[in-house]
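Got your viewer open and ready? Let's take a short tour, one selection at a time.

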Amino acid sequence: MAEDSPKRRKANFNEAETEVLIEQVLKHEQLLFAAGPGRASPGQKRKVWELIRHKVNPVAACPRDVEDLKKRWRDLKRRDRSKLCRLSQGCGPPGPAAALGLLLAPEEMPPAAAPPA
């Protein structure tokens with residue numbers, strides 16, 4: 001081995017990186033995730049992810065590549081679904097809060113609709 005030091009992991013995503021990533025992915029959501037006959041080709045999706053990378057890197061703590069951004073997006077979606085599941089106490093199909101596409105902390109979520117008294 002030519003290098004004695006072990007491989008170091010990248011820094012965590014900071015808040016600015018995460019905000020830019022969410023903003024850009026939601027802006028291009030139709031192109032990136034649409035299914036059916038009108039969906040984008042893999043080449044088009046790659047170009048969109050590269051565009052997102054160019055928007056995120058100026059605010060990044062360290063240079064990010066497309067795979068880093070895709071993984072962060074998957075992790076954010078998974079975290080959001082688990083929060084919604086815990087809030088609804090049910091893990092069933094996502095409710096209207098999921099349709100907002102917002103990634104909120106539990107204290108930021110609107111109160112659950114209570115049945116009329």
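Start by selecting Arg64, which counts as buried at 4% relative accessibility. Here, buried means under 20% relative accessible area, exposed means over 50%, and partly exposed is in between (1.4 Å probe, protein chains only).

Before you go on, a word about what you're looking at: this is a predicted model, where local features need pLDDT of at least 70, side-chain atom pairs count only at pLDDT 80 or more, and totals for chains, interfaces and linings use all residues. Residues are numbered from 1 along each chain as its sequence is written, and side-chain values use heavy atoms, with hydrogens and water left out.

**Stop 1: a buried pair**

What do the side chains of Arg64 and Glu17 meet in? They form a salt bridge, 2.7 Å from N to O. The term means a side-chain nitrogen of Lys or Arg within 4 Å of a carboxyl oxygen of Asp or Glu. Arg64 sits in the loop between helix 3 and helix 4 while Glu17 belongs to helix 1, so the pair ties together parts 47 residues apart in sequence. (Helices, H or I with at least four residues, are DSSP runs numbered from the N terminus.) Glu17 is buried too, with a relative accessible area of 0%.

**Stop 2: along helix 4**

Now select residues 66-88, which make up helix 4. Helix 4 has 23 residues and reaches 33 Å from its first C-alpha to its last, close to the 33 Å expected at 1.5 Å a residue. That expected span is 1.5 Å times one less than the number of residues.

Highlight Lys71, Asp75 and Arg78: they are linked in a network of salt bridges. Lys71 meets Asp75 at 3.1 Å, N to O, and Asp75 meets Arg78 at 3.1 Å, N to O. Lys71 is partly exposed at 46%, and Asp75 is partly exposed at 24%. Searching the whole structure turns up 6 salt bridges.

**Stop 3: the nonpolar core**

Next, show Leu21, Val25, Trp49, Ile52 and Leu69. These have the most contacts inside the largest nonpolar core, which has 14 residues. Such a core is a set of buried Ala, Val, Leu, Ile, Met, Phe, Trp, Tyr and Cys residues joined through side-chain atoms within 4.5 Å. Which elements give two or more residues to this core? Helix 1 (15-27), helix 3 (42-56) and helix 4 (66-88) do.

Leaving aside neighbours within four places in sequence, Val25 is in contact (heavy atoms within 4.5 Å) with Leu32, Phe33, Trp49, Ile52 and Trp73.
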